[in-house]
Amino acid sequence: MNDIDIVIRANRLYKSFKDNEVLKGVDFRIRRGEIFALLGPNGAGKTTIVNILSTLTDPDGGSASVCGYDTISQPEKVRRSISLTGQFAAVDGILTGRENLVLIARLRGVKNPGAVADGLLERFGLGEAANKRAAVYSGGMARRLDIAMSLIGDPDVIFLDEPTTGLDPEARIEVWKTIKELSKNGTTILLTTQHLEEAEQLSDRIAILNGGGIIATGSLDELKELFPPARVEYVEKQPTLEEVFLAVIGSGHKKEKAS
């Protein structure tokens, strides 16, 4: 992997909460324009990694950088380069949908904040609700607004921590399309998700986190090589990502594909 293309680096990250050692030396690299999916069971440390990379918390050991900036010594530069959508919609319920978007656009110093807000409202199917308070939005609508807010300012890196939680199938597909478009335009995306189908549909590479470390990394095809040989019935049946994930987690597989 060419160092010039690396946008996100995690080097031997350690993190504990009281007596619970969540991360035990996590390493990975993410290329520019790549969609990198981080999978793992609940409590594996996916959100902790996102929080470290987005400067919300410091690691106990190791280091991390985003767009060449160290997350500990250069947090402000990291924050100017990224956007984060967390597990729960972070919208202001007192403001309307449009006002939420205009506010973020102004904070990011974006030109023509009103036009930017209107474009995003239409893109995410929120045009008719633009002037309604966000407090009356359904869960799915609030989630779409939250993701729209994260796109303002065209950040180089977007962290999506379970971005489609609470969305209906139609809205989820719309979010997937948006993520793919961002990647094609060079935005680097780190995605955590509980939907294995989502990782299959979106990711260029997948890392499986368990027991405090990355136990497998690779493309979907590479991860399928870790699964027992395909069963031959009338046609050869290939394993799904869900089958690979359960097999790797269940066996405690330590083989890691080249990242």
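Student: In which loop is Asn 112 found?
Tutor: In this predicted model, the backbone of Asn 112 has a positive phi of about 50°, although Asn 112 is not a glycine. With a relative accessible area of 57%, Asn 112 is exposed, and its place in the chain is the loop between H3 and H4.

Student: Where does Asp 154 lie, and is Asp 154 buried or exposed?
Tutor: Asp 154 is not a glycine, yet it has a positive phi of about 50°. The loop that holds Asp 154 runs between H5 and strand E7 (157-161). Since the relative accessibility of Asp 154 is 68% and the cut-off for exposed is over 50%, Asp 154 counts as exposed.

Student: How many salt bridges does the count come to?
Tutor: Side chains of opposite charge can pair when their charged atoms come close. Here a pair is counted when a side-chain nitrogen of Lys or Arg lies within 4 Å of a carboxyl oxygen of Asp or Glu. By this rule the count of salt bridges comes to 8.

Student: Which strands are linked by the salt bridge between Asp 27 and Arg 12?
Tutor: The side chains of Asp 27 and Arg 12 meet with an N to O distance of 3.7 Å. The two residues are 15 residues apart, and the pair links distant parts of the chain, with Asp 27 in strand E2 (residues 20-31) and Arg 12 in strand E1 (residues 6-17). Asp 27 is partly exposed at a relative accessible area of 27%, and Arg 12 is also partly exposed, at 43%. The strands linked are therefore E2 and E1.

Student: Which helices does the salt bridge between Arg 123 and Glu 181 tie together?
Tutor: In this salt bridge the closest N and O atoms of Arg 123 and Glu 181 are 3.3 Å apart. Arg 123 lies in residues 113-123 and Glu 181 in residues 169-184, so the pair ties together parts that are 58 residues apart in sequence. Arg 123 is partly exposed at 34% relative accessible area, as is Glu 181 at 41%. The helices tied together are H4 and H6.

Student: How are the planes of the Phe 28 and Phe 36 rings arranged?
Tutor: The count comes to 1 aromatic pair. The ring centres of Phe 28 and Phe 36 are 5.4 Å apart, and both residues are buried. Their planes stand at 20°, and because planes under 30 degrees apart count as stacked, the pair is stacked.

Student: Which elements each supply at least two residues of the lining of the largest pocket?
Tutor: The largest pocket holds about 300 Å³ of space, and its lining has 6 nonpolar, 4 polar and 2 charged residues. Among the lining residues are Ser 83, Leu 84, Ile 104, Leu 107, Asp 146 and Met 149. The elements that each supply at least two residues of this lining are strand E6 (82-85), helix H3 (97-107) and helix H5 (139-150).

Student: Which residues does Gly 86 touch, not counting residues up to four places away in sequence?
Tutor: Gly 86, one of the residues that line the largest pocket, is found in the loop between E6 and H3 and is partly exposed, with a relative accessible area of 23%. The C-alpha atoms of Gly 86 and Val 50 are separated by 9.0 Å, although these residues are 36 residues apart along the chain. Leaving out residues up to four places away in sequence, Gly 86 touches Arg 143 and Asp 161.

Student: How far apart in space are Ile 208 and Gly 40, C-alpha to C-alpha?
Tutor: Ile 208 lies in strand E9 (residues 205-210) and is buried, with a relative accessible area of 0%. In sequence, Ile 208 and Gly 40 are 168 residues apart. In space, their separation from C-alpha to C-alpha is 5.6 Å.

How values were computed:
Residues numbered from 1 in each chain as written. Predicted model: local features only at pLDDT ≥ 70, side-chain atom pairs only at ≥ 80, totals over all residues. Heavy atoms only, no water. Helix = DSSP H or I, 4+ residues; strand = E, 2+ residues; numbered from the N terminus. Buried < 20%, exposed > 50% of the residue type's maximum accessible area, 1.4 Å probe, protein only. Phe/Tyr/Trp six-rings, centres within 6.5 Å; stacked < 30°, edge-to-face > 60°. 1 Å grid on protein atoms, 1.4 Å probe; cavity = no way out; pocket = protein on both sides within 12 Å on 5 of 7 lines; lining within 4 Å. Points joined across faces, edges and corners; volume = space filled by probe spheres on them. Nonpolar A, V, L, I, M, F, W, Y, C, P; charged D, E, K, R; others polar. Contact = heavy atoms within 4.5 Å.
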